[in-house]
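Here's a quick briefing on a protein model, with an eye on its charged side chains. Have a look at the structure first, then work through the points below.

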Amino acid sequence: DLPDDYYFEFGKSLYAVNEIELAEKMFKQSILRGHEQFSSAYYLGHIKELLGEDKLALNYYSEIVNDYKTPSATIQQSAFYKKGEIIVSTIPKKGATARDKIRTLAVPQYISGIELDDTLPLAKKMKQKVNSLYRQYWLGAFSPYRRVKANQLKFNQSFLYDTNVTMESDNASSGSSSDSSAPASKSQLIYKYSDTLGKQVFGKTSLRLNWDYYLDRENSDIYQNDSFSIAPSFNGMFRNYIFNNPGELLVGVDYNYSMRDFEAKDQLSYYGQSATFFIGEKFSLFDFGKSVFKFKTKLFYSYDKTLDSKTFTLFFNQYYSKLISKMLLFTFNADFSFVEDSSLSTNSFMLRCDYIHPKFYHSRVVLHSGLGVSFTDTKEQSSTRGVETNLSPFTKVSYNFNKYINVSGKYTYTKNISKNKTVYDYSKHVALFELETKY
C-alpha cells in the first residue's frame, strides 16, 4: 500500500510542473483517502479556475468553508477570498441588479474570511477589496473596513535651489540682468480631520501653514518673495447616482490668508486673501478609470485694490488605471481671470499628464513624472506679449522609510515662451529635496 501522503505530495509535484490534469486525479485520491482534504480541495478549486470551470471551482472552495470542520484558518480564508473573486467576475459592473448581487453574494464571502482571523496577511487585501466594491457599486453605505474617522498631522520641510527666482528673461540685456538664482527653505504644516456625516456623506477639514524663506538676503528682488500663508479648507463628498453609475458629488471651500515681503523691507506684510468655492462630480465616465469634473470660483482681495480679481475655472481629471501597478493621470484646467486692472486679466488653458509608478525598482520607491503645458491669452497685452506658452516637465522620486517618514527629490524645468522676449521669455531649473513626516 502507498503511504497516506503519497497522492497529495505527488499532486503538488505535478501541479508545480503544470501537469494539472494528472495533479487533479492525485488530489481527488487524496480526498478519498482522508488526507489533507481541505488543502487538496483548494488545489482542485484552483485547477478548475485554470480550466475555466468556475462553477466546479466554487464547489471545491465551498467544501473547504462549509464541509471540513477543522481546516487551516489560512486555507479557509483563502477559499473565502477565491469564492468572492469568482462571484465578482461573473457580475456585470453596472446596474441595480449587479449592485444587489455584489452586496448579497460577493461581499459576505470577504467578510466571512476576514472574521476568521483579521491578523492574517490576506485579511488586509480582503478589506481593501470590500472597500473597493463599496465604492465601485455604491452599496448604500460606507464600507465597514473604511477608516471613516481620522486625524492626521503632517510636516514637510523642503530645501530647493531655483536658478531664476525672479523669472528674469533669458534675453535681458547684460547691463540690466542680475543673478536671480538662490536657495530657499519651504516649510509646510498640515492638519487634516475626516469623518462620515451620515451614511452617504463624507467630510474633510484641513488647515495648512506655509512658510517660504529665501536664503539670499543681499538681493531684495529675491528675498521679497518670502511669504507666509494660512489656509483652512472644507471638502464634502455626497454619494449619488449619475448616468446609471455610482458617483460622488464634490463641494468645498478654501480660504487663504497670505503675507509677503513685497516691499523688500525684510519683513512680511499683508498681501491678500482669497476664497475659492467649487462644486463637481467624480464618477466613471470611462471604464479605464475615474473622471473628475469641477467648476470653481475664486475671489481674491489684495492689499492693492487694482489687483483684486475674480477667477472662474473649469477643471477635468481623468485617471487611467489599466496599467499594472502604474497609473496615468490627465488634467485639463481652464482659468478665466478678471482683474480690477483689466490689463492684467488673462485666460489660461493647461494640459498635464502625470505618470505614477508606486513600486519603482523597489517596494518603497515611488516615481512620479509629468509634463504640463499651458497657454495664456494675455488679452489687453496680447499685442506685445501674444499668447504665452509655458512648458514644465518634472520628475520626482520618493522613498518611504515607513508610514511616518518619507524623503523625496524633485527636479522641475520651466520654459515660458512670449512674444515679448526681452521681458517675459524665461527659463528656470528647480532642484528640491523634501523630508515629510506624518503623525
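Let's start with D100, which is partly exposed at a relative accessible area of 40% (buried means under 20% relative accessible area, exposed over 50%, partly exposed in between, with a 1.4 Å probe and protein chains only). Keep in mind that this is a predicted model: local features need pLDDT of at least 70, side-chain atom pairs count only at pLDDT 80 or more, and totals for chains, interfaces and linings use all residues. Residues are numbered from 1 along each chain as its sequence is written, and side-chain values use heavy atoms, with hydrogens and water left out.

**Salt bridges**

- Side chains of opposite charge can pair when their charged atoms come close.
- The structure has 20 salt bridges (a side-chain nitrogen of Lys or Arg within 4 Å of a carboxyl oxygen of Asp or Glu).
- D100 forms one of them with R103, at 3.1 Å from N to O, and R103 is partly exposed too, at 34%.
- Both D100 and R103 sit in helix 6 (residues 96-116), three residues apart, or about one turn of the helix. Helices (H or I, at least four residues) and strands (E, at least two) are DSSP runs, numbered from the N terminus.
- D266 and R217 pair up at 2.5 Å, N to O. This pair ties together distant parts of the chain, 49 residues apart: D266 is in the loop between strand 5 (245-260) and strand 6 (269-286), and R217 is in the loop between strand 3 (201-214) and helix 8 (220-223).
- D266 is partly exposed at 49%, and so is R217 at 24%.
- E434 and K396 meet at 3.9 Å, N to O. They also link distant parts of the chain, with E434 in strand 14 (residues 426-438) and K396 in strand 12 (residues 387-400), 38 residues apart.
- E434 is buried at 13%, whereas K396 is partly exposed at 24%.
- E24, K28, K48 and E53 belong to one network, joined by salt bridges that share partners.

**A buried threonine**

- T414 lies in strand 13 (residues 405-417) and is buried, with a relative accessible area of 12%.
- Apart from neighbours within four places in sequence, T414 touches N390, L391, S392, Y426, S427 and K428 (contact means heavy atoms within 4.5 Å).

**The whole protein**

- In total there are nine helices and 14 strands.
- Along the principal axes, the C-alpha atoms fill a box of roughly 100 × 40 × 40 Å.
- Of the 439 residues, 41% are buried.
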